[in-house]
Amino acid sequence: MTNTTAAGDQLIETAEAAGNRPPAARNRMSPRRRTALSGKHLLLIVISAISLFPVLLIFSTALKTQADVRTNPFGLFSSFSFENLVNAWTVGGFSDYLLNSVILTVPSTLLVVVLSTMAGYTFARLPFRGRTFAFYLVVLGLLVPFFAYMIPLFFQLRGIGLLDTLPGAILVLTSTGVSFGTFFMRAFFSDLPTELEQAARVDGCSEWQIFVKIMLPLVRSGAGALAVFTFIQNWNNFLVPLLYLPGGGYRPLTTGLYQFMGGRSIDIGPLAAGSLITIIPVVIIFILMQRQVAEGFISGAVKG
Amino acid sequence: MGAALQSTTPRVTRRAQTRLGIALIAPLMLLVAVFFLFPLGNAIYYSFVDFDGLNPTPPFVGLDNYTRMFADAEMWHALGNNVIWIVLGTAIPLVIGLVQALLLWNVRHAGIYYRLAFFLPYVLPQVAIGIVWGWIYNPVNGWVNKTLEALGLGGLATGWLGNPDTAFYAVMATAIWSITGFVLIIFLSALRNVDLEQMDASRLDGVNAGQQLRYIILPQIMPVFLMVTTVTLVGGFQVFDIIFIMTGGGPANATNVMGTYAYTSAFQLSQISYGTTLALLITALSIPCAVALNRLQRRLSLQGTGA
């Protein structure tokens, strides 16, 4: 686990570190090698283009004039206007969807981070009878897929009046993230030296003070990575709002977009604009916090 | 109370730790119990009764749901699709991801931009991915058909998602496009552990690139290879979003997998118990893979092989 985290750490930022390159790069370049190198860059650029093409297509179609969408919907950047965005935002209801996405994602992400940090500390640092059993119950969530219990959960939520409510969906989103979160945060707390808490205890700190004042500040980077990862996961989550917010009053961007698409109105312009609104926060977070994102997703691979 | 514990930690401290520990995990345990353990237990109960979503005391039917499931041709068809998805959806990203990682391995300057470009598709919401690929596959003016026409292969053009023969593979190609960046990133971090001295030495001995790959690189990244395989395997059993969004399991069930079949059975046909039984089969199939993955992961961390 710790190793996984370390790998994520190196992943994007320190790949340039010296000594991590294969031997070829260390030699002085011969003309032949230079040709090979530019050939390689050409290949990489082609692959990048394939990788990014669908994203460009969303941008291009969203930013066309409506007339252009009708005649040439998928030609790249053949015109420029905000008509589609304005349309999606007002008539398409995407301003509401965006708001609902924020209302669902922000609290569930905060809850995942807070609950996981508290539990991670306990499972790493505070031994008591029954703790191991509790830990197994939590980690069981890493093995059992959401499919296993999604259908009964629907009727359970309906039974307790949480179906089609924001608190219900927020709590379900939270519960889908805490198993991984606890596992992830526990690894960070396990790595901290025991001398720290012993010294604090000698100085007369209470257990609560040790947790809050000594330990918490030391796992900030871990909690940050967890927050970024969980935010993206919850923002992108499709099945939870699809199942547990069926009424449509609290639709987030993902199911809102799906609904809009199902309308079959061939309204490609606003649909593209809606897609753009949906992906933009993820793209921004991804670019600004790539290290945390990669770290989260690599460790997230343990999730079954 | 263990004697060893007693000798290192004073009783007062231990009691304080227990109190704080229980307080700190209580909210989590409550959440896990209500939103995970309880519905999980209920799922098993549902599979032994005939629940239609309304009747508060559904009749007990024993193994009926299970016998029906194993005699259901559509279940086997959906499961077969899962297997195809797992085989191709594992093999293709592994090969492409490895090639990309090897290409990127000694790129210094622009490396970061390539990595960002390759990884981005993996973090995008599946709905947006499904929509934009739907356009790319558009029968009239989609890029796939336009490219085929430009290459003089216009005869191959088709409505990729509407044609039962191509729909499944078209959706899979989209999924492969999305996951390959993830595979690449894992391979890149594994390549960092490859012994460079050995690479240098082998080069001096006149070993060619193919042999280097086979005898030096692959053995050293083998554990990560296995890990990525397990991840895609688990994902292959549980695939839902992208298929549901792009085709809904159609046309004519051509793209149905266990996940979409369980969903439609339960929520569109109101066969709650049957849908739950199908979902439990996905669970039963993917848990062994997930367990193997966790084992593997633990062994890797112990060996310090990374990733």
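# Briefing: salt bridges, core and chain interface

Arg125(A) and Glu197(A) are both buried (under 20% relative accessible area; exposed is over 50%, partly exposed in between; 1.4 Å probe, protein chains only). The model is predicted: local features need pLDDT of at least 70, side-chain atom pairs count only at pLDDT 80 or more, and totals for chains, interfaces and linings use all residues. Residues are numbered from 1 along each chain as its sequence is written, chains are lettered from A in the order in which they are written, and side-chain values use heavy atoms, without hydrogens and water.

**Salt bridges**

- The whole structure holds 4 salt bridges over all chains (a side-chain nitrogen of Lys or Arg within 4 Å of a carboxyl oxygen of Asp or Glu).
- Arg125(A) pairs with Glu197(A), with the closest N and O atoms 2.5 Å apart.
- Arg125(A) sits in helix 5 (residues 94–125) of chain A and Glu197(A) in helix 9 (residues 194–202) of chain A, so this pair ties together parts 72 residues apart in sequence.
- Glu207(A) bridges to Arg201(A) at 2.9 Å between the closest N and O atoms.
- Glu207(A) is buried at 8% relative accessibility, whereas Arg201(A) is partly exposed at 22%.
- A salt-bridge network links Arg125(A), Glu197(A), Arg201(A) and Glu207(A).
- Lys64(A) and Asp68(A) also form a salt bridge, 3.3 Å from N to O.
- Lys64(A) is buried at 0% relative accessible area, and Asp68(A) is buried at 12%.

**Fold and core**

- Chain A has 15 helices and 0 strands (DSSP runs numbered from the N terminus: helices are H or I, at least four residues; strands are E, at least two).
- Of the 304 residues in chain A, 56% are buried.
- The largest nonpolar core has 192 residues, and Phe146(A) and Tyr244(A) touch the most other members (a core is a set of buried Ala, Val, Leu, Ile, Met, Phe, Trp, Tyr and Cys residues joined through side-chain atoms within 4.5 Å).
- Helix 8 (residues 167–191) of chain B gives the most to this core, 17 residues.

**Interface of chain A and chain B**

- Chain A and chain B bury about 9800 Å² between them, 76% of it on carbon and sulfur atoms (accessible area, 1.4 Å probe, lost on being put together, summed over both).
- Helix 2 (residues 31–62) of chain A supplies the largest share of the chain A side, 17 residues.
- The contact takes 106 residues from chain A and 99 residues from chain B (heavy atoms within 4.5 Å).

Conventions. Buried area is the accessible area (1.4 Å probe) that two parts lose on being put together, summed over both.
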